[in-house]
Amino acid sequence: MSGHDYDLFVIGGGSGGVRAARVAAQTGAKVAIAERYRFGGTCVIRGCVPKKLLVLASRFPDHFDDSASYGWTLGERSFDWNTLIANKDKEIARLEGLYKGNLEKAGVETFNTRAELTGPNAVRLPDLDREITAGHILIATGGRPYLDRTIPGIEHAITSDDAFHLERFPKRIVIVGGGYIGVEFASIFNGLGAEVTLVHRGDLILRGFDHDLRKGVQDAMRERGVDVRCGENVVAVEKLRDGLRATLKGGERVSADQVMFAIGRVPNIEGLHVEERGIACGPRGQIMVDNYSQTSIPSIYAIGDVTDRLALTPVAIREGMAFVETVFRNNPTDARHELVPTAVFTTPEMASVGLTEEDARKRCSRLDIYKASFRPLPQTLTPRTERMTMKILVDGTNDQLVGIHILGPEAAEMIQILGVLVRMGATKADLDRTVAVHPTAAEELVTMREPVERVGAG
């Protein structure tokens, strides 16, 4: 790649871009990366990590309440939003420093500025008035929250990005959207003591997940006091002297301190000039790529949310690693987007890997469905009535595990390990041969012997 300033120039300092830049540099390539905001991207700065910290904070009231059933007497308790946000900011700053420091240790040159494409092997850093050439360019600019600008008063609403930096805790909040982000923030603000109204245009939250778990989460959120409004939408936001007022499609008006829209994210291609440079994009603005993350211009690749394939941080990292294998190690590698474990950090928590029951019924000529529902042990001494649900889907023709779904405490931790089994092609017999760890919730996964339903093949 002689004749260029760098072998690789990465646009975007999120998890995928940083991993690709660092690992490419370890192969001996000369690498640079530009990030116009903060290194770490959506996940570290304004997504997964700070969100999980807020989730943990929101679960302390449960712990406080349950402690009485275990003999503990607690004194007066109070919650301070500003303390939580300040401590969260310290941790995010620490992580950002690690991201940038690891890049520099690997020999990657970093630029804290935006970059735009000027050709198949060229980028421009307009703030520095500098043109740079590279043998390969990797676009990893992620996504950004979508706001419907046609809604009157939308300028008064916030997105999930803004929620991490609110100066005051909202005692009343309307959240629009029933996907990952909307339901997670509904649980967070509910747990911290806010009056939460969750507005979702569909008939059930969390589209795309297994129906039983979707209904389980929705019922549990309502039981916890979240006002879940399905089949509704916010059509206007009005600023009042003492807060905001959201008008629903059905005509009802809901007063709130904040109105948050979480109706999806769109690929962040603003200012890149990708289409002007001949890069094919899809209807949502996503950069179109092949199985190896290569765009319509051979020297330019794209990974992560900007490609709108599977918007999860570990997937972006996997795509970045596959890119390095393909381009810098001469080992063409498909990132593979099937059988990806995932979790939704509501309270209660939900996690899945593989097919939903709905999809499994379509794909398997015979399907065995195993299900268990029970009160987890930590709740048995408390008045709490929430139940844990576990579902295992088995291809009845070969006994292979095709889907596992969990609703309840530590679901995400369990699904990470179970994802290995599903990826390996493990069978129900493999679970049956495994000795249970007692007493745990996870032991139910290896002690379910009879299916609750058999579908197909008579």
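**Close-up views of a predicted model**

View 1. Strand E11 (residues 234-240) pairs with E12 in the antiparallel sense, over six bridges. Within this pairing, Glu238 is placed opposite Arg245 of E12. On to strand E13 (residues 253-256), E12 is joined by four bridges, and these two strands also run antiparallel. Strand E12 (residues 243-248) is largely enclosed by the rest of the structure, because five of its six residues are buried.

**View 2. The open parallel sheet E10-E9-E8-E14.** Four strands make up this open sheet, in the order E10-E9-E8-E14, with parallel pairing. Strand E10 (227-230) and strand E14 (258-261) are the edge strands, each pairing on one side only. On average, neighbouring strands of the sheet are turned by 15° against each other, direction ignored. Strand E8 (residues 172-176) is linked to E14 by four bridges, and the two run parallel. In this pairing, Val176 is located opposite Phe261 of E14.

**View 3. Helices H7 and H8 against the sheet.** Helix H7 (residues 180-191) lies across E8, strand E9 (195-200) and E14, and runs at about 165° to E9. Helix H8 (residues 211-223) also packs on the sheet, where H8 touches E9 and E10. The direction of H8 makes about 135° with that of E10.

View 4. An unreviewed UniProt entry places the feature "binding site" at several positions, including Gly177, Gly178, Gly179, Tyr180 and Ile181. Further positions given by that annotation include Gly264 and Asp305. Gly178 is situated in the loop between E8 and H7, and Gly179 lies in that loop as well. Gly178 counts as buried because its relative accessibility is 6%. Gly179 counts as partly exposed, its relative accessibility being 30%. When residues up to four places away in sequence are not counted, Gly178 touches Val183, His200, Ile205 and Leu206. Val183 is itself among the positions of the UniProt feature.

**View 5. Strand E1 and its parallel partners.** Six of the six residues of strand E1 (residues 6-11) are buried, so E1 is largely enclosed by the rest of the structure. E1 pairs with strand E6 (residues 130-139) in the parallel sense over five bridges, and Ile11 is found opposite Ile139 of E6. With strand E2 (residues 31-34), E1 forms a parallel pairing over four bridges. Here the bridge partner of Leu8 is Val31 in E2. According to the unreviewed UniProt entry, the annotation "domain: FAD/NAD(P)-binding" covers residues 6-320. Over residues 6-320, the chain is 31% helix and 24% strand, with the end C-alpha atoms 18 Å apart.

**View 6. Lys52 in helix H3.** Lys52 belongs to helix H3 (residues 48-58). The unreviewed UniProt entry carries the annotation "binding site" for Lys52. With a relative accessibility of 26%, Lys52 counts as partly exposed.

View 7. The model contains twelve aromatic pairs. One of them is the edge-to-face pair of Phe323 and Phe328, with 6.0 Å centre to centre and 80° between the planes. Phe323 and Phe328 are both buried. Elsewhere, ring pairs connect Phe79, Trp81, Phe164, Phe169, Phe185 and Phe189 into a cluster.

**View 8. Lysine charges over tyrosine rings.** The charged end of Lys30 is positioned over the ring of Tyr6, at 5.3 Å from the ring centre. Lys428 lies over the face of Tyr370, 4.4 Å from the centre of that ring.

Notes:
Residues are numbered from 1 along each chain as its sequence is written. This is a predicted model: local features need pLDDT of at least 70, side-chain atom pairs count only at pLDDT 80 or more; totals for chains, interfaces and linings use all residues. Side-chain values use heavy atoms; hydrogens and water are left out. Two strands pair if DSSP finds at least two bridges between them. Axes are lines fitted to C-alpha atoms, for helices over the stretch in contact, and angles run from 0 to 180 degrees between N-to-C directions. Contact means heavy atoms within 4.5 Å. UniProt positions are given in the numbering used here, feature names are shortened, and annotations may be inferred rather than shown by experiment. Rings of Phe, Tyr and Trp (its six-membered ring) pair if their centres lie within 6.5 Å; planes under 30 degrees apart count as stacked, over 60 as edge-to-face and the rest as tilted. Buried means under 20% relative accessible area, exposed over 50%, partly exposed in between (1.4 Å probe, protein chains only). A charge sits over a ring if NZ of Lys or CZ of Arg is within 6 Å of the ring centre and within 35 degrees of the ring normal.
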